[in-house]
Amino acid sequence: MRDLSYAMEVAQDQENDSIKKSINDLPIDTPVSHPLEHEWTLWYYDNNKNKDWLENLHEVYTFSTVEDFWCLFNHIKPVTSLSAGNDYSLFKKGIRPMWEDDHNKKGGRWLLNMDGRMNRNDLHDLWLNLLLFMIGESFDEFSDEICGAFVNVRKLDKISLWTANADKRNEILEIGKKLKFECLRLPQEMKVIYETHLDSQNKTGSRAKYLHVV
């Protein structure tokens, strides 16, 4: 297994400090026995008001095996411990977690807005389920449409799944159904909505218009 010691450093002294946490103690001789279909990159957004958006976006680590995923996931700060305004995102290698990336700009996202019925433990479980669903190619024949996913820690937390082409209506709807019922296992009354990145960029107020709802 490749050396992970450079990926993160301990920095948890103050509120809204970077998520960087030491993972120097990761084993370096774990055999690679379960390769993934794609390589995936974990990103972290640190809501530092003194820096611009790009400066706050940090590429943490790229992995390509099940073993590497669990080593990384088990040694970073849990999503339940992130400060408000901070994000994790996981995207296929080569895709940056931003609207402007060529892989994303024609696409959109399925979005779950957490509500009062759900707590931070639910957020942890839902985020982990989504990561495993993605890296395991569990969207089946629609997996090529998947770009990545976000968890946004806010007053009302959000989880979103980003797709490549918002014009592929049938594929988008099938992905939404799988996301809601098979991956997140949400009750029928909880809704996930699909909005294009273009609409998100041009939204007025706190919400963009949405194309689909499941």
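The points below comment on a predicted model, taking its confidence, its sheet and its helix packing in turn.

1. Confidence. The protein chain has an average pLDDT of 87, and 83% of the residues score at least 70.

2. Eight strands make up an open sheet with antiparallel pairing, and their order is β2-β1-β3-β5-β6-β4-β7-β8. The edges are held by β2 (57-65) and β8 (212-213), each of which has a single partner strand, so one side of each is left without a neighbour in the sheet.

3. A strand pair within the sheet. Strand β4 (residues 108-113) and strand β6 (residues 158-163) run antiparallel and are joined by six bridges. In this pairing, Asn113 stands opposite Lys158 in β6.

4. Helices on the sheet. Helix α2 (residues 66-73) packs on the sheet, where it touches β1 (35-45) and β2, and the direction of α2 makes about 145 degrees with that of β2. Helix α4 (residues 169-183) also packs on the sheet, touching β4, β5 (146-152), β6, β7 (193-196) and β8, and the direction of α4 makes about 25 degrees with that of β4.

5. The contact of α2 with α3. Helix α3 (residues 120-135) packs with α2 at an angle of about 160 degrees, the axes lying 12 Å apart. An angle over 145 degrees counts as roughly antiparallel, and α2 and α3 are therefore described as roughly antiparallel to each other; the crossing of α2 past α3 is right-handed. On the α2 side the residues are Phe69, Trp70 and Phe73, which meet His124, Leu128, Leu131, Leu132 and Ile135 in α3. By residue class, this contact of α2 with α3 divides into seven nonpolar, one polar and no charged.

6. The contact of α3 with α4. The axes of these two helices, α3 and α4, come within 11 Å and cross at roughly 125 degrees, and the pair is therefore oblique. Here too the crossing is right-handed, with α3 passing α4. Asn129, Leu130 and Phe133 in α3 meet Lys178, Leu179, Glu182 and Cys183 in α4, and the residues of this contact of α3 with α4 divide into four nonpolar, one polar and two charged.

7. A point to check in the model.

Terms used
Residues are numbered from 1 along each chain as its sequence is written. This is a predicted model: local features need pLDDT of at least 70, side-chain atom pairs count only at pLDDT 80 or more; totals for chains, interfaces and linings use all residues. Side-chain values use heavy atoms; hydrogens and water are left out. Two strands pair if DSSP finds at least two bridges between them. Helices (H or I, at least four residues) and strands (E, at least two) are DSSP runs, numbered from the N terminus. Contact means heavy atoms within 4.5 Å. Axes are lines fitted to C-alpha atoms, for helices over the stretch in contact, and angles run from 0 to 180 degrees between N-to-C directions. Angles under 35 degrees count as roughly parallel, over 145 as roughly antiparallel, 65 to 115 as roughly perpendicular and the rest as oblique. A crossing is left-handed if the near helix is turned anticlockwise from the far one by less than a right angle, and right-handed if clockwise. Ala, Val, Leu, Ile, Met, Phe, Trp, Tyr, Cys and Pro count as nonpolar, Asp, Glu, Lys and Arg as charged, and the others, Gly among them, as polar. pLDDT is the predictor's confidence in each residue, from 0 to 100.
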